[in-house]
2 protein chains.
Amino acid sequence: MLYEQLATDLSAAIEQGALRAGDRLPSVRRLADDRGVSIATVLAAYLQLENAGLIEVRPKSGHYVRTRQSDHLAEPRVPRRRNTAFRPSVSTAVARLLEANRDPSIVPLGSAYVGPEDLPIRALNRLAAGIAREMTTLGVAYDPPPGLPTLRRQLARRSVTWGLALHEDEFVTTIGATEAIHLCLRAVARSGDAIAVESPTYFGVLQAIEGLGMRAVEVPSHPRSGLDLDALEDVLRGCGVRAVVAATNASNPLGAVMSDEAKQRLVRMIERHDVPLIEDDVYGDLVWSGSRPRPAKVFDRGGRVLLCGSVSKTLAPGYRVGWVVPGRYQEVIERLKFSQTLGNPTLTQMAVAEFLASGGYDKHLRRLRRTLGGRVEQFRDIIATEFPEGTRVSAPLGGFVLWVELPVGVDSLELQGRALERGIAIAPGPIFSARNRFHNFVRLSCGSLTPRTVSALSQVAEMACRLAGRTSGARSVA
Amino acid sequence: MLYEQLATDLSAAIEQGALRAGDRLPSVRRLADDRGVSIATVLAAYLQLENAGLIEVRPKSGHYVRTRQSDHLAEPRVPRRRNTAFRPSVSTAVARLLEANRDPSIVPLGSAYVGPEDLPIRALNRLAAGIAREMTTLGVAYDPPPGLPTLRRQLARRSVTWGLALHEDEFVTTIGATEAIHLCLRAVARSGDAIAVESPTYFGVLQAIEGLGMRAVEVPSHPRSGLDLDALEDVLRGCGVRAVVAATNASNPLGAVMSDEAKQRLVRMIERHDVPLIEDDVYGDLVWSGSRPRPAKVFDRGGRVLLCGSVSKTLAPGYRVGWVVPGRYQEVIERLKFSQTLGNPTLTQMAVAEFLASGGYDKHLRRLRRTLGGRVEQFRDIIATEFPEGTRVSAPLGGFVLWVELPVGVDSLELQGRALERGIAIAPGPIFSARNRFHNFVRLSCGSLTPRTVSALSQVAEMACRLAGRTSGARSVA
């Protein structure tokens with residue numbers, strides 16, 4: 001659509017600083033003339049930017065780039081290095097979070113998934129319905145590893161947009177990226193082995209490591225550039241680490257994106273130490289500025305990178321369709337997949353394959369990226385205004401979660417408990433660490449923006465202020 | 001239906017010996033008078049018995065109980081005891097079987113699933129289609145353990161037919177029974193631990209044990225009565241076994257059903273030794289004579305029995321809907337399930353829940369049991385006539401697989417290779433053993449009966465005769 005292109009151009013101009021906070025945008029008529037488009041097109045583009053929180057209308061004056069409350073927010077601090085392997089034990093706290101998620105009356109600020117209003121779930125379900133209605137033998141046969149050929153073909157086709165050109169036989173489909181990462185850990189390490197992980201890292205990775213009796217060595221991760229490679233080099237030299245797990249694009253909870261140079265250095269490093277890299281790329285399609293970043297896998301020469309992905313963040317969490325590109329571990333991954341779950345359900349895989357084949361995915365991604373980018377900014381604005389003085393927040397480059405550092409002394413588990421009493425779920429910091437760090441951190445999900453979530457966020461802010469013994473105004477401390 | 005009841009009564013009379021091979025059945029008119037039903041009803045019942053291979057029509061004479069070629073077939077021999085723990089390594093041979101299964105042109109005598117013609121897959125898919133079409137948010141949210149409440153409610157309701165009256169909160173849904181058994185093994189044992197298994201046992205259990213770095217101790221299993229409990233007692237006393245895995249109802253590959261007395265003794269035994277029992281009950285609904293046998297779980301007093309089941313053998317293998325009733329291991333199973341696959345897909349669970357709620361399941365099971373019972377007899381007949389002299393075959397009490405002992409010296413891996421060249425898959429004996437036993441055994445699936453499968457069976461028979469250097473006529477050696 002013309003207006004979408006225009007909106008993309010304008011938001012890029014704002015992001016790159018060509019248009020700054022307070023700047024007036026061209027009048028609708030003038031921009032229409034300049035670009036040779038209709039007035040309706042410009043209005044649609046401006047409306048979209050307004051919805052994304054990038055611009056605002058001043059009555060009788062025109063459109064202006066918004067001054068963001070969050071412009072002076074500080075980023076959370078990077079944890080210190082400590083090269084010791086710990087057995088994670090995050091399960092109890094995670095169980096509490098899951099328990100809350102089961103209750104639909106709870107506001108899910110703690111869960112990393114996008115709400116139904118922003119996903120093409122109707123279209124996907126319609127495809128699933130059509131497939132189920134028409135196929136009389138669907139679901140009868142098992143679909144053993146590597147998984148449904150039509151889905152693998154579509155994934156291979158999409159891999160071009162990741163900067164790879166994979167063959168369908170290089171994929172193994174899995175029950176979400178959760179099973180993919182779990183299989184990778186089992187394929188490359190054993191009980192007792194040490195695994196290098198980011199700090200902070202997604203708690204699912206820590207839970208998998210815990211469940212498999214492995215240990216985790218935490219490597220500091222920077223809120224924007226990701227894994228600290230000097231620290232990793234140290235760890236690889238010293239600790240007998242068996243594998244590295246890293247989310248290279250829009251990591252969870254930080255939203256960091258590693259540069260191409262960093263990715264290349266990372267791959268050369270694991271090659272030199274002959275240690276596999278389990279690369280979690282579930283948020284890769286949701287990096288909202290610039291083009292879709294490539295995974296580190298593009299620099300892989302020896303098949304040591306195991307690339308994991310899914311459609312859980314972009315299409316349908318509950319479909320449980322994920323995959324792994326296991327490189328040199330293809331055979332062992334296929335065997336482990338068979339012994340662990342035998343195969344994926346056919347129906348959900350087919351629906352996703354048809355959706356990918358239909359060509360609507362790229363358009364959906366463009367819209368979703370814009371929506372989430374704007375929404376994260378709106379959440380950051382609220383945090384800047386309402387969270388206690390001294391609060392620091394990540395400025396993610398993609399995805400839809402925020403990593404919030406509250407003033408020292410605020411206990412996020414306490415905050416989680418109080419929020420839950422008011423029907424609000426948040427993810428407390430310590431579950432993102434094997435060493436029980438991040439006591440004064442929380443992860444907040446911007447997956448859904450409704451009056452209910454905004455009100456919940458304000459309530460959390462209020463509780464945090466009370467726990468901190470401070471007034472609101474996070475932005476004032478930069 | 002009236003005719004189905006009549007057919008059931010008559011087949012019971014044949015099974016119990018009230019009507020014997022060669023006996024003439026009452027004339028259609030007389031039976032209609034005796035039972036107060038229409039002639040059409042009697043004809044329908046007779047047709048069904050004919051299709052099931054139980055009776056035959058002799059022109060101008062009437063209906064007769066068939067003389068079965070398989071009446072004099074000997075059962076396979078029970079393996080000797082040997083109480084040593086072995087690390088299974090069945091994966092390569094299993095991979096070969098899977099590879100073959102992927103190709104739809106291969107005749108699947110090696111795979112334990114029922115063909116589409118005998119499953120209510122249209123009805124199930126229609127339900128799935130309706131659900132997908134109507135629900136605009138379906139598949140958006142994750143469904144974390146213990147899994148979909150509506151499905152667990154239906155399973156709890158069904159548990160009454162198993163002789164249990166479980167609460168929905170006692171279930172955890174899984175990706176088929178495969179994931180259930182895998183989770184159970186992880187919950188109760190660690191890498192290096194010894195697990196007592198049946199001999200022969202389903203290769204999936206051995207593959208899970210292999211993949212988890214555990215060891216297997218084989219306990220002989222009898223073709224009709226199942227696990228040798230004296231041998232198990234020995235093993236439990238001597239080998240430091242950490243868990244027992246057993247299929248108590250229509251085991252795979254034997255089709256054995258343990259008696260209630262044996263099940264009770266088994267549970268008392270594992271209680272005394274304080275060792276958990278992982279009970280595989282996937283074939284429990286497919287025991288075709290008498291009422292649905294109860295699982296050993298009914299005798300469980302301390303929560304040490306982990307009951308695993310699925311709808312993969314009775315409704316839809318490719319839906320991947322299974323469950324576990326983990327007893328005292330509920331919490332750890334939920335955590336492991338979360339870290340392994342996060343949750344089940346919602347859509348397939350909902351469709352199965354609706355199917356179970358609709359009430360058609362019991363009727364479907366009655367028909368399926370009759371169909372499979374008759375089909376297994378037809379396969380046994382063909383084996384009796386065409387397989388080499390000296391062949392022995394199981395006489396299963398349920399399920400749809402046959403365990404065939406070929407004359408000593410016939411290499412089933414060789415037979416598998418030759419059959420594959422002709423486009424036929426069979427499951428070779430050694431994959432059912434951790435100790436590489438059963439070289440002259442094969443498992444044949446009777447899941448589908450078509451001219452193609454019958455012809456394939458004859459070809460396998462011919463190849464087996466050639467490998468054995470013997471003529472056909474298995475039945476002549478009892």
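1. Two strands are said to pair if DSSP finds at least two bridges between them. Helices (H or I, at least four residues) and strands (E, at least two) are DSSP runs, numbered from the N terminus. Leu402(B) has Leu444(B) in β17(B) as its bridge partner.

2. The model is predicted: local features need pLDDT of at least 70 and side-chain atom pairs count only at pLDDT 80 or more, while totals for chains, interfaces and linings use all residues. Residues are numbered from 1 along each chain as its sequence is written, and chains are lettered from A and ligands numbered from 1 in the order in which they are written.

3. Chain A also holds an open sheet of four strands, in the order β13-β14-β17-β16 with antiparallel pairing. Here β13 (392-393) and β16 (427-428) of chain A stand at the edges with a single partner strand each, so one side of each has no neighbour in the sheet. Two bridges link β16(A) to β17 (residues 441-445) of chain A in antiparallel fashion, and Ala427(A) stands opposite Arg443(A) in β17(A). Helix α13 (residues 361-386) of chain A lies across β13, β14 (401-405) and β17 of chain A, and runs at about 20° to β14(A). For such angles, axes are lines fitted to C-alpha atoms (for helices, over the stretch in contact), and values run from 0 to 180 degrees between N-to-C directions.

4. Parallel pairing is found around strand β10 (residues 277-280) of chain A. Three bridges join β9 (residues 241-246) of chain A to β10(A), and these strands run parallel; Val244(A) stands opposite Leu277(A) in β10(A). Four bridges join β10(A) to β11 (residues 305-310) of chain A, again running parallel, and Asp280(A) stands opposite Cys308(A) in β11(A). Together β9(A), helix α10 (residues 260-272) of chain A and β10(A) make a right-handed β-α-β unit. A crossover is right-handed if, with the strands pointing away from the viewer, the path from the first strand over the helix to the second runs clockwise.

5. In a regular strand the side chains alternate between the two faces of the sheet. In β10(A), Leu277(A) and Glu279(A) point one way and Ile278(A) and Asp280(A) the other way, and all are buried. A residue is buried if 20 or more other C-beta atoms lie within 10 Å of its own, exposed if 12 or fewer, and partly exposed in between, with C-beta atoms placed from the backbone.

6. The contact between the chains takes 56 residues from chain A and 56 residues from chain B. Two residues are in contact if their C-beta atoms, placed from the backbone, lie within 7 Å. On the side of chain A that touches chain B, α5(A) gives the most, with nine residues. The residues of that side divide into 26 nonpolar, 21 polar and nine charged. In this scheme Ala, Val, Leu, Ile, Met, Phe, Trp, Tyr, Cys and Pro count as nonpolar, Asp, Glu, Lys and Arg as charged, and the others, Gly among them, as polar.

7. Thr173(A) belongs to strand β5 (residues 172-175) of chain A. Thr173(A) counts as buried because it has 26 C-beta neighbours inside 10 Å. Leaving aside neighbours within four places in sequence, its contacts include Pro146(A), Leu151(A), Trp323(A) and Gln349(A).

8. Some backbone features deserve a check. Most residues other than glycine have a negative phi, and most peptide bonds are trans. The peptide bond from Ser199(A) to Pro200(A) is cis, with omega near 5°, and Pro200(A) lies in the loop between β6 (194-199) and α8 of chain A. Another cis peptide bond joins Asn252(A) and Pro253(A), with omega about 15°; Pro253(A) lies in the loop between β9 and α10 of chain A. Arg320(A), which is not a glycine, has a positive phi near 55°, and is buried, with 32 other C-beta atoms within 10 Å. Phe438(B) likewise has a positive phi, of about 65°, and lies in the loop between β16 and β17 of chain B.
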